[in-house]
Amino acid sequence: MQRPSRLMPPFVAPTVKWWRRIIGSIALAGLVIWHAWMIWKWPIPSFGIIAVFALVVVIEERRFRAHLREVAGTRKGESICSYARALPMRELDSWVVRAVFEQLQAFMLGRCPSFPIRPSDRLYKDLNVDPDDVDWQLAVEIAQRTGRNLRDCRANPYYGKVVTVEDMIRFFCAQQESSPIRG
């Protein structure tokens, strides 16, 4: 018998090899040195560009957080239960449904702590999730938690068609299982 999805193991971040840390530190040091040289060589234009960029980022992030709080206010009382009820659960794997919800919830935590996710939410437009974050962070976390592999993604019928949260669920349901973690 399959274990309930609430007993699914949490995401465990892989350990980073020592040589990758060194390469990352060298790259970061090089970037800092380059920026310091640019500021020393051309201080006024450099500070102007940095200030404009920082101002745009702060304004856009505040605007988006206010939008998320407004949307969250209209979704009061919604939880993983209402999220699951909005899906055709007989067609989907409950582990994938829960993993997508929990990993997206954790991803959104910094922007809006208790943002109720719906299956119809568009990842890029409604939740403002960067496509690279979907590919390199969320997909890896969901695959690890559900025991699915990310090989042969191009053979998946949902490859390149993930727009909503439900599309992401269907993508992972169509992926092959790689490890028997459901014991």
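**The nonpolar core and its surroundings**

The largest nonpolar core holds 34 residues, and among these Tyr83, Val100, Leu104, Phe115, Val165 and Ile169 touch the most other members. A nonpolar core here is a set of buried Ala, Val, Leu, Ile, Met, Phe, Trp, Tyr and Cys residues joined through side-chain atoms within 4.5 Å, where buried means under 20% relative accessible area, exposed means over 50%, and partly exposed means in between, tested with a 1.4 Å probe on protein chains only. The elements that each give two or more residues to this core are α2 (43-74), α4 (94-108), α5 (131-146) and α6 (165-174), and α4 gives the most, with eight residues. Helices (H or I, at least four residues) and strands (E, at least two) are DSSP runs, numbered from the N terminus.

Before going further, please keep in mind that this is a predicted model, in which local features need pLDDT of at least 70 and side-chain atom pairs count only at pLDDT 80 or more, while totals for chains, interfaces and linings use all residues. Residues are numbered from 1 along each chain as its sequence is written, and side-chain values use heavy atoms, with hydrogens and water left out.

Not counting residues up to four places away in sequence, Val165 touches Tyr83, Val100, Leu104, Ile117, Arg118, Pro119, Asp121, Leu123 and Leu127, where a contact means heavy atoms within 4.5 Å. Thr164 is found in the loop between α5 and α6, and Thr164 counts as buried because its relative accessible area is 17%. With its neighbours within four places in sequence left aside, Thr164 is in contact with Pro119, Ser120, Asp121, Arg122 and Leu123.

Asp152 is also found in the loop between α5 and α6, but Asp152 counts as exposed, because its relative accessibility is 61%. Although Asp152 and Gln176 are 24 residues apart along the chain, their C-alpha atoms are separated by 9.0 Å.

Next come the aromatic rings. The structure holds three aromatic pairs, and rings of Phe, Tyr and Trp (its six-membered ring) pair if their centres lie within 6.5 Å, with planes under 30 degrees apart counted as stacked, over 60 as edge-to-face and the rest as tilted. The rings of Trp37 and Trp42 have centres 5.6 Å apart and planes at 80°, so this pair is edge-to-face. Trp37 is partly exposed, at 40% relative accessible area, and Trp42 is partly exposed at 41%. The rings of Phe171 and Phe172 also form an edge-to-face pair, because their centres are 5.3 Å apart and their planes stand at 90°. Phe171 counts as buried at 10% relative accessibility, and Phe172 is buried with a relative accessible area of 2%.

Phe171 leads on to the largest pocket, which is lined by 16 residues, of which Val134, Asp135, Ala139, Tyr159 and Phe171 lie nearest its centre. The elements that give two or more residues to this lining are α5 and α6, and the largest share, five residues, comes from α5. On a 1 Å grid over the protein atoms alone, a pocket is an open set of points where a 1.4 Å probe fits, with protein on both sides within 12 Å along at least five of seven lines, and lining residues have an atom within 4 Å of a point.
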